[in-house]
Amino acid sequence: GVGTKLKVAIAAGRNDTVGHCLVNHCVNDILVQNARPLFFLDYFAAEKFNQPVLDAVIDGVIAGCKENSVALIGGETAEMPGVYKPEDYDIAGVIVGIADRKKLILGKSIRPDDHLLGLISSGLHTNGYSLARAVLFDQMGLKPDSAPPELHGQTVAEALLAVHRSYLKVLVKPLDLDLIEGLAHITGGGYEGNVPRVLPDGCRARIRRSAFPKLRIFELIQSSGIAYDEMFRVFNMGIGMVLAVRPDNVEKVTELLSEAGETVYEIGEIIKGEKGVECAD
């Protein structure tokens, strides 16, 4: 699912991005194991179907499937009076992909001195929206169509509803060349909740938080007084995918990603220690 990002979409009356987010999130979740997507199925539930809303959501799903060359082979819809409020709906999806067993990326080959590279996110992606909504709407009194100066012309809704990026196309070449030892999709729980999943025992990730730019939406949220450490525990803070790469392969991976139009940030390294993450400013 895409969590409470749906509440922002509903409040803004813009439901065309969340389906796209759903597909891209699923694609990234299997990409970290070097699996390529084959097909996708969606689920939509509401108290009573609002056809324009349903059409917008499914259009987003279709856009995500086209972007990732995924077949949308079916789905399910359900009207559930008494479960949802009249304006509410929920979406979920399932993806099936394929991987070469010999090329599965499980993080077992990660070792101290490997470099950590970060690929920029497009925003909150699909996590942290409960806190973001509480801060921006309840505490700061902003509306979906508000355009605070911190966002440089963007509205709050535009920033919050930016499509969750897919990293499939930019990572295909370095993955095909076996240049990546581990991948972490930064979703709920931030770096501490996701990077350790790919670390073998005895390896610890050290992240330099000053090594990459923070997106304006995060600066706006943090301006409410949320502690810097808490921001990094909840949000991706500008990096949506983390790559573990051998020192000798950093230049080649960076070159391939740059050719694909990607900006790469060297955000840290693997050190010896207890499995986990430590962040430095």
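The largest pocket in this predicted model has a volume of about 160 Å³. A pocket, on a 1 Å grid over the protein atoms alone, is an open set of points with protein on both sides within 12 Å along at least five of seven lines, whereas a cavity is a set of points where a 1.4 Å probe fits but cannot get out; lining residues have an atom within 4 Å of a point. Grid points are joined across faces, edges and corners, and a volume is the space filled by probe spheres set on the points.

Strands (E, at least two residues) and helices (H or I, at least four) are DSSP runs, numbered from the N terminus.

Both β5 and β7 belong to an open sheet of six strands, which has the order β5-β7-β4-β8-β6-β9 and mixed pairing. Here two strands pair if DSSP finds at least two bridges between them. Because β5 and β9 (276-280) stand at the edges with a single partner strand each, one side of each is left without a neighbour in the sheet. Neighbouring strands of this sheet are turned by 25° against each other on average, direction ignored. Helix α10 (residues 250-259) lies across β4, β7 and β8 (264-272) and runs at about 10° to β4; axes are lines fitted to C-alpha atoms, for helices over the stretch in contact, and angles run from 0 to 180 degrees between N-to-C directions.

A second open sheet has three strands in the order β2-β1-β3, again with mixed pairing. Its edge strands are β2 (71-79) and β3 (89-98), each of which pairs on one side only, and the twist averages 15° from one strand to the next. Helix α2 packs on this sheet, where α2 touches β1 and β3, and its direction makes about 35° with that of β3; contact means heavy atoms within 4.5 Å.

Strands of a sheet pair through backbone hydrogen bonds, either parallel or antiparallel. The table sets out strand pairs from the two sheets.

| Strand pair | Direction | Bridges | Bridge partners, one example |
|---|---|---|---|
| β1 (36-46) and β2 | parallel | eight | Phe40 and Leu72 |
| β1 and β3 | antiparallel | 10 | Tyr43 and Ala92 |
| β4 (115-120) and β7 | antiparallel | six | Leu116 and Ala244 |

The axes of helix α2 (residues 18-31) and helix α3 (residues 51-67) come within 6 Å and cross at roughly 35°. This contact is made by Val18, Gly19, His20, Val23 and Asn24 of α2 and by Val57, Gly60, Val61, Ala63, Gly64, Cys65 and Glu67 of α3, and by class it has six nonpolar, five polar and one charged residues.

Residues are numbered from 1 along each chain as its sequence is written. In this predicted model local features need pLDDT of at least 70, side-chain atom pairs count only at pLDDT 80 or more, totals for chains, interfaces and linings use all residues, and side-chain values use heavy atoms, with hydrogens and water left out.

Technical notes: Ala, Val, Leu, Ile, Met, Phe, Trp, Tyr, Cys and Pro count as nonpolar, Asp, Glu, Lys and Arg as charged, and the others, Gly among them, as polar.
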